[in-house]
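The entries are kept in the order of my look-ups.

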Amino acid sequence: MRNLIRLATSVAIALTLLLCSAAFSQESDVELPDEPLAAEGDELEALEGADMVIGLEPAADEPPAVEVPLPTHVTVSDLPNDDGTGLVVEFEKAAGETEALTYTVSVGAGPDGPWREIGSFPATKKWKEEVGHYFPGFFWFQKGRADMSSRFHLFVIQDQGDNVPLETGIEYFVKLTASLDGVSRDYAETLSAAPAEQWFDTGRTNVLILAVLFGATVLYFIARARRDPNLFIRKISGLDAVDEAIGRATEMGKPILYLNGMSSLADLSTLAALNILGRVARRVANYESKLTVPCRDPIVLTVAQEIVKAGYTDAGRPDAYNADDIFFLTEDQFSYAAAVCGIMMRDKPAANFFMGYYYAESLILAETGAGTGAIQIAGTDASTQLPFFVTTCDYTLIGEELYAASAYLSREPLVLGSLKGQDMAKVFMMVMIIIGTLLMTFGVIFIKDLFKALG
Amino acid sequence: MQFIRKQFPVMLAFVMGMMMFIREFVPAKFSEQLYYGFTDWAIVIVGFSAVFAILSLLHHHMNKVRKRAQGYGYSIITILAFIQMITLSLIFSVRPGTPGGWEYQWLFVPMQATMFATLAFFIASAAFRAFRARTWEALALLIAGLIVMIGRVPIGEFISPHLSTFADWIMNNPSMAGFRGIILGVALAQIAIAVRIIFGIERTYMGGGD
Amino acid sequence: MEKVQKPSFIERFLQLDRRIIYTLVALAVAIPLLFPMGLPIKVTPEVQSVYDMIEDLPEGSNILISADFDPASMPELYPMMKSVMRHIVRKHHKLAITVLWPNGPNLVAQCIEELKLEYPEWTNTVDYVFLGYQVGGAIVIISVGDSFSDTFPKDYYGASTAEMPIIKEFNRLGQADYMVMFEAGNSGDWWIVYGTEVHDVPVGGGVTAVVAPMYYPYLQAKQLNGIIGGLKGAAEYEKLTEVPALATAAMDSQSMVHALIFVAIVLANIFALMFVGQKRRQAREEM
């Protein structure tokens, strides 16, 4: 009898707790177990084999009340460096915060709601440092960095719920709720703020300073080049070989094939390739050879036609220009490659130029050209295709050598000056990398943040 | 007319370039609206270029057929293939189950896959012909390349687990360092060219002479 | 009359007709497909990261896929895309798919049709939306940061996107919990620069083996959470999802071809050295 009562009491308490947790829980559906909840293991063993179990047991101890810790120093303010649709909730973590604790942020139009839940996160997430890219300057000199990753939470609100953005200038009220084991507690105060838009992103101040410095360096060296045009530029074998290639083609009486790459005019490597095309066209016009320029992009086609025509005109041979030599093939990558390979196999050009940006078809083009015995000069900033060009071409312009080509071939002071400015920027980057590596090795990490665009 | 051809494009490039540069530092709504507005226009312009491409393609091939130039038979096939594909696509679309879709799946896809597949053969012949260690640096590069080539496939794991570990180390350290150097250099060069274009020093995009 | 010297074996080997090399490559591909060897596939941390990300996201999370490839890259990227999409379907995540390459949409449509045969309850406009292709490249990426339905007013099948149930919850890049891009070119750079960095969305990459080295710096800088590289990466993901398919089947062939090229290069270098030695000896003898 005693055991029966004990069993019945245990079951009753368990059911009561289940129903209570269902009442506190907002969303969960309580599923009662199919079988009655079992008593403690020892009691079960005692019940085994008995025909009838009768027991009377005092009620088990009440489970302890759940104490939900609350955070402190909660503030709600406008999200900086945004378009006026964001608020930020910042608070110091609650004393006794555990992994099981969850924070929920709700937004309402008034101090009493109605509240719309914006988001929930466990107490182990949303530290100020990891979200803190909206807060420049604070991290740049390591102020309180340790605190930012373990003491202060930060939550960004960018909508009113249901993906409706916040409106600029309207005051919104924010409620912060802490939940632990199904028990929730609201922060005592309901705070408010109005989003405001900013006209300057302070998180990018470092980017602006570096960009202006770089631009100023380039312009300074351009101005200096105007005064003293004899700026040194190192030898680039691929560009020196351009004349040799054109001369060889002329001697053999075969055409020259020039490709501008697979990219559009928006890509700077295509512009660099067109620049070289202009110089090549001028020299081809002088030698009275044939220049074939199959294009992949129609806008590049029009620019290429103008450039070649201008090249022939500058060489004093406008009559030799044939617009049909510069033509559009197709925009499809491998169809273009197949068509160009066909041109190489039929026309057997003596010199092939592969300038610009290339994708996987680079090896197909270069290997086919190598098979025809042509001299091949490639120039690309597509780092993944460089190995293929280096293997199959006689000369390869690697990365920025392609961009330096216009300065190298023309020796124009303005262009040479910008190349010099670019080199100075590279020296600066190299020095910063070395200093930064040394500093970070010894635990001084603020220098990393100096070069990070925050936000 | 001279102003439209010579000075106006340079002014436009300067204004647009500076506007988009400044926009990067202005988070306000107006700046965002400008940004998305320009991108909508850019989508329209890129779409128009497709029309231009079609006209250029047809013009080129019809010229070849008219002049009976070398290989004009291929031009006839190109024009016929172009017309039939456009017709089928406009009437039936190219979704699976349509004639256009059938052509896509059973002609276009195998042809494209075949072209890409030829790379495997070309790589083998290019590697055999050109990967010769003529200098000590070339030898180091060759050994690294061979380790990565074998270490990144299951047979490398089968031969020795250390191969794949070493191959990963090569990819994550010296190879990445090299790539980073190239990427940094290219990025700086691109900024320099952009500065030249914005300030009108570089005018290649206009075509013609300087 | 001068006697024409027959080229030695070394010289003939060094000038081996490329058609012989092509034949050997063809055999190295075909034989393992017919007689599988079952070489072990080890999962790399980069692929595991992508898998773990999708696995650990709460059910119903928003995932964006951008399938930026065409039939040429299909052998590498199609198996990995199908594997990833199968994983997403299994985890009941919401999926939006865009394509930036004009010849890509039909491949995605094919993949969707194949997955629907495996998971008939997977519903268009509710569980997934296939937005299709839009011209513009980087411009489209910037535009989806604002709104899917504005950038793609109609989906691939011609239905209006604005009214779709999935679009009501998931209508811009910033609302994605994760993004996976399948890249055969450099549009991945645009996604990272204009897309995920701006909107704070973690991104994983499925890329061809050729462009994979280009994305490793992003992986180290934690701008990518993982990379599925090439056919081997696809095979690893198939192993993780426990559905071996095309990529797994092709691993033996890939291994054999790599081994063939390895042997050919080593032999060519050995013979080249021997040839140089031979020439030097001949020159000394003539002196």
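Entry 1. I note at the outset that the model is predicted.

**Entry 2. Chain B with chain A.** I looked up the residues in contact and found 57 from chain B and 69 from chain A. The area buried between these two chains came to about 5,400 Å², with 70% of it on carbon and sulfur atoms.

I then turned to the charged and polar pairs. The search returned three salt bridges across the interface of chain B and chain A. One that I wrote down joins the side chains of E24(B) and R204(A), at 2.9 Å from N to O. I also recorded 13 residue pairs in polar contact between chain B and chain A, both residues being at pLDDT 80 or more.

Next I asked which helices of chain B supply at least two residues of the side that touches chain A. They are helix 1 (2-23), helix 2 (29-67), helix 4 (99-130) and helix 8 (174-198). Helix 8 of chain B gives the most, with 14 residues. Sorted by class, the side of chain B that touches chain A holds 33 nonpolar, 15 polar and nine charged residues.

**Entry 3. Chain A with chain C.** Here I found 13 residues of chain A in contact with 14 residues of chain C. About 1,000 Å² is buried between chain A and chain C, and carbon and sulfur atoms give 46% of that area.

I counted one salt bridge between chain A and chain C. E367(A) and R18(C) meet in a salt bridge through their side chains, at 3.5 Å from N to O. Two residue pairs are in polar contact across the interface of chain A and chain C, both at pLDDT 80 or more. On the side of chain A that touches chain C, the elements giving two or more residues are helix 9 (333-347) and helix 10 (361-371) of chain A. By class, I listed four nonpolar, seven polar and two charged residues on that side of chain A.

**Entry 4. Cavities.** What volume does the largest cavity have? I recorded about 80 Å³ for the largest cavity.

I then read off the lining of the largest cavity. From chain A it includes Q333(A), Y359(A), A360(A) and Q385(A). F116(B) also lines the largest cavity, as do S73(C), E76(C), A184(C), T208(C), V210(C) and V211(C). By class, this lining has six nonpolar, four polar and one charged residues.

How values were computed: Residues numbered from 1 in each chain as written. Chains lettered and ligands numbered in written order. Heavy atoms only, no water. Contact = heavy atoms within 4.5 Å. Buried area = accessible area lost by both parts, 1.4 Å probe. Salt bridge = Lys/Arg side-chain N within 4 Å of Asp/Glu carboxyl O. Polar contact = N/O pair within 3.5 Å; in protein donor to acceptor, adjacent residues only side chain to side chain. Helix = DSSP H or I, 4+ residues; strand = E, 2+ residues; numbered from the N terminus. Nonpolar A, V, L, I, M, F, W, Y, C, P; charged D, E, K, R; others polar. 1 Å grid on protein atoms, 1.4 Å probe; cavity = no way out; pocket = protein on both sides within 12 Å on 5 of 7 lines; lining within 4 Å. Points joined across faces, edges and corners; volume = space filled by probe spheres on them.
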